[in-house]
Amino acid sequence: MTKKVLLKYSAEKTKEPILASIIKETGTLLNILHAEFSAEGGEILLAIDAPDAEVNRIIKLFEQRGIETKELKRAIQLDEEKCFDCGACISLCPTGALRLTDDYSVELDEDKCIYCEICVPSCPVRALKISKF
Amino acid sequence: MNKSIAEINDRIRRGDAVVVTAEEIVEIVRERGEVEAAKEVDIVTTGTFGAMCSSGAWLNFGHADPPIKMQRVWLNDVEAYSGVAAVDAYIGATQLSETRDFEYGGGHVIEDLVRGKEIKVKAIAYGTDCYPRKELETIVTKDDLNQAVLCNPRSAYQRYVAATNSRDETIYTYMGTLLPNYGNVTYSGSGALSPLHNDPNYETIGVGTRIFLGGAQGYIFWEGTQHAPTKAMGTIMTIGNLKEMDARYIRGATIEGYGTSLYVGLGIPIPIINERVAKTTGISDEEIRADLTDYGVPRRERPILKEVTYAELKSGRVEVGGKEVPVSPLSSLKQAREIAGILKKWIEDKKFFLAQTVEGLSTDQVFKPIKQIAAAPVAKDLMTREVVTARPSDSITSAAKIFAKRNFDHLPIVDEKGKLVGIVTSWNIAVAVGTGKRKLSEILTSKVIVASENEPIDAIARKLETHRISGVPVVGTGGELRGILTSEDLSKLIGRRRK
């Protein structure tokens with residue numbers, strides 16, 4: 001299963017090509033789901049599709065380079081009994097994790113979800129739920 | 001070529017009526033033309049499943065012993081209108097629960113009734129000789145009610161506008177959540193499947209038309225409120241037995257930051273009585289247009305940015321201001337298609353017959369705005385024009401003196417051309433003195449919430465409330481300071497209104 005890891009960069013660390021060097025070193029593709037930077041530093045949300053041991057090794061590599069890491073243990077659920085495919089959530093989703101299929105069904109791809117939670121209150125029948133654990 | 005309703009009903013009875021959906025007819029008319037289509041097809045079925053706020057249900061509770069003339073009545077803490085006879089009430093879709101706010105409202109009560117759930121009833125009364133009781137609390141399901149009739153003043157808009165938002169903040173509207181800077185687009189309506197768009201001349205749709213309503217058979221009994229057929233914004237009043245309905249097609253809903261509503265499933269069979277009707281049912285998503293409207297402007301006449309087609313909207317992306325943005329349908333296209341399919345099947349299974357209309361619907365009615373006897377005040381009517389201002393380079397000490405001398409809380413900071421560059425409050429000054437800052441440029445807030453001169457006071461009051469601020473500078477189109485408006489000015493206005 002894809003794991004999601006949040007990287008927190010301090011201001012001085014933003015100047016180093018840390019992500020690139022780790023991708024090069026491990027040969028594992030690290031997918032950036034979301035990134036936000038300002039003068040004070042920033043955050044990158046990564047999706048890592050690799051065996052657990054490899055994910056742990058990657059996390060360690062980031063920490064050795066002075067990046068704070070946090071594995072996101074959350075889950076989003078679409079209650080298909082409640083959902084009637086109105087699509088109110090679709091245009092609010094920043095990553096395309098929620099989309100309409102060709103037959104106009106709402107489909108959720110959790111791997112793409114960054115848990116921004118914008119969709120949750122937009123659902124008129126409360127069919128979207130995020131759990132944190 | 002002309003066909004009567006009676007002839008088509010005979011075909012249904014014989015099992016040889018040709019029924020297609022409003023999506024299927026598009027190809028048939030495109031390929032073979034309306035003349036052939038009218039010969040081949042007897043009925044076109046339509047469907048929509050959208051939020052219809054102007055919905056509600058009439059309920060009759062029966063009499064209690066001793067009897068009560070319900071003066072006010074609540075269903076699961078949602079008030080129903082009871083200003084009619086003793087135990088009749090109308091539960092409206094957008095009425096909010098008094099205990100659960102936006103999470104539960106009249107729409108949810110209606111869905112719960114359809115689902116057969118127990119509903120808590122509370123009523124109060126003033127008591128009369130014939131109705132002595134003053135209070136009643138009980139629990140009912142739909143089976144305990146004498147009548148439960150869905151009765152919607154306005155259903156099934158022929159089409160509707162598409163919405164987007166020019167403001168730099170997210171807004172919450174009845175058209176859903178609209179992201180800042182034209183970040184998304186929402187729309188409602190099923191396009192080519194739209195019931196009224198398949199017979200926009202009202203040749204077959206009228207008073208008495210039998211329809212699919214909430215999973216049961218219901219009727220059109222009048223033109224809907226705000227019916228505007230000349231603008232392709234026709235509407236209908238609909239009625240049907242709530243007890244027979246299916247909760248798959250009657251759903252209570254919460255629209256974020258707006259309130260509650262009811263999603264209603266509705267489908268109309270269009271009998272192909274002649275070639276003209278065959279032609280109008282052939283309308284495609286490419287031919288149905290909607291005005292892309294800026295809901296960032298809180299006025300009755302909202303700016304229209306451009307025209308878009310339902311084909312573009314259904315594609316999921318629309319171009320606004322040079323960028324492609326994602327689109328949300330709001331109404332369920334999947335269930336609209338499903339409803340058209342069910343109606344088709346009902347007819348093929350001889351469970352649904354066409355009703356002859358007893359009266360047509362207006363084809364030239366217009367939708368007027370409310371008659372206002374006083375114009376709503378705007379910023380320039382109320383603002384203080386003589387504003388004391390300061391420059392960014394001014395010292396904090398000089399500003400502190402201004403605050404001390406005059407009794408106000410907001411000091412707008414302007415550049416040499418009079419353009420607003422920031423604001424300083426008395427609180428900012430207090431903090432600045434405490435932290436040893438010297439110039440206003442060090443402490444001013446540059447992201448200022450402002451109002452324009454013609455902005456309605458009601459919109460400004462809402463701004464003050466949502467941003468938790470007590471005043472706004474009023475600026476011209478070039479950002480030049482024209483005045484200031486504070487919550488104090490607003491309270492004076494309300495004082496004047498009350499007098």
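Mentor: Start with the contacts of Asp112(B). Leaving out residues up to four places away in sequence, Asp112(B) touches Asn76(B), Tyr104(B), Lys117(B) and Ile119(B). Keep in mind that this is a predicted model. Asp112(B) sits in helix H3 of chain B. Is Asp112(B) buried or exposed? Its relative accessible area is 12%. The cut-off for buried is under 20%, so Asp112(B) counts as buried.

Now take the whole helix. H3 of chain B covers residues 106-114. How many of its residues are buried? The count is 9 of 9, so the helix is mostly covered, buried being under 20% relative accessible area. Just past the helix, look at the backbone. Gly116(B) takes a positive phi of about 80° there.

Next, Glu111(B). This residue forms a salt bridge with Arg251(B). The closest N and O atoms of the pair are 3.6 Å apart.

In chain B, domain 1 is 5-52 + 151-360, domain 2 is 62-145 and domain 3 is 379-498. Between domain 1 of chain B and domain 2 of chain B, the count is 1 salt bridge. The C-alpha centres of these two domains lie 32 Å apart. Their contact takes 19 residues from domain 1 of chain B and 20 residues from domain 2 of chain B. The area buried between them is about 1400 Å². Carbon and sulfur atoms give 62% of that area. Which residues of domain 1 of chain B lose the most area to domain 2 of chain B? They are Leu242(B), Lys243(B) and Thr260(B), together 38% of what that side buries.

Last, a sheet elsewhere in chain B. Three strands form an open sheet in the order S31-S32-S33, with mixed pairing. Its edge strands are S31 (451-452) and S33 (481-486) of chain B, and each pairs on one side only. S31(B) and S32(B) (residues 471-475) run parallel, joined by 2 bridges. Within that pair, Ser452(B) stands opposite Val475(B). Helix H11 of chain B, residues 457-467, packs on the sheet and touches S31, S32 and S33 of chain B. The direction of H11(B) makes about 135° with that of S32(B).

How values were computed: Residues are numbered from 1 along each chain as its sequence is written. Chains are lettered from A and ligands numbered from 1 in the order in which they are written. This is a predicted model: local features need pLDDT of at least 70, side-chain atom pairs count only at pLDDT 80 or more; totals for chains, interfaces and linings use all residues. Side-chain values use heavy atoms; hydrogens and water are left out. Buried means under 20% relative accessible area, exposed over 50%, partly exposed in between (1.4 Å probe, protein chains only). Helices (H or I, at least four residues) and strands (E, at least two) are DSSP runs, numbered from the N terminus. Contact means heavy atoms within 4.5 Å. Two strands pair if DSSP finds at least two bridges between them. Axes are lines fitted to C-alpha atoms, for helices over the stretch in contact, and angles run from 0 to 180 degrees between N-to-C directions. Domain bounds come from an automatic or database domain assignment. Buried area is the accessible area (1.4 Å probe) that two parts lose on being put together, summed over both. A salt bridge is a side-chain nitrogen of Lys or Arg within 4 Å of a carboxyl oxygen of Asp or Glu.
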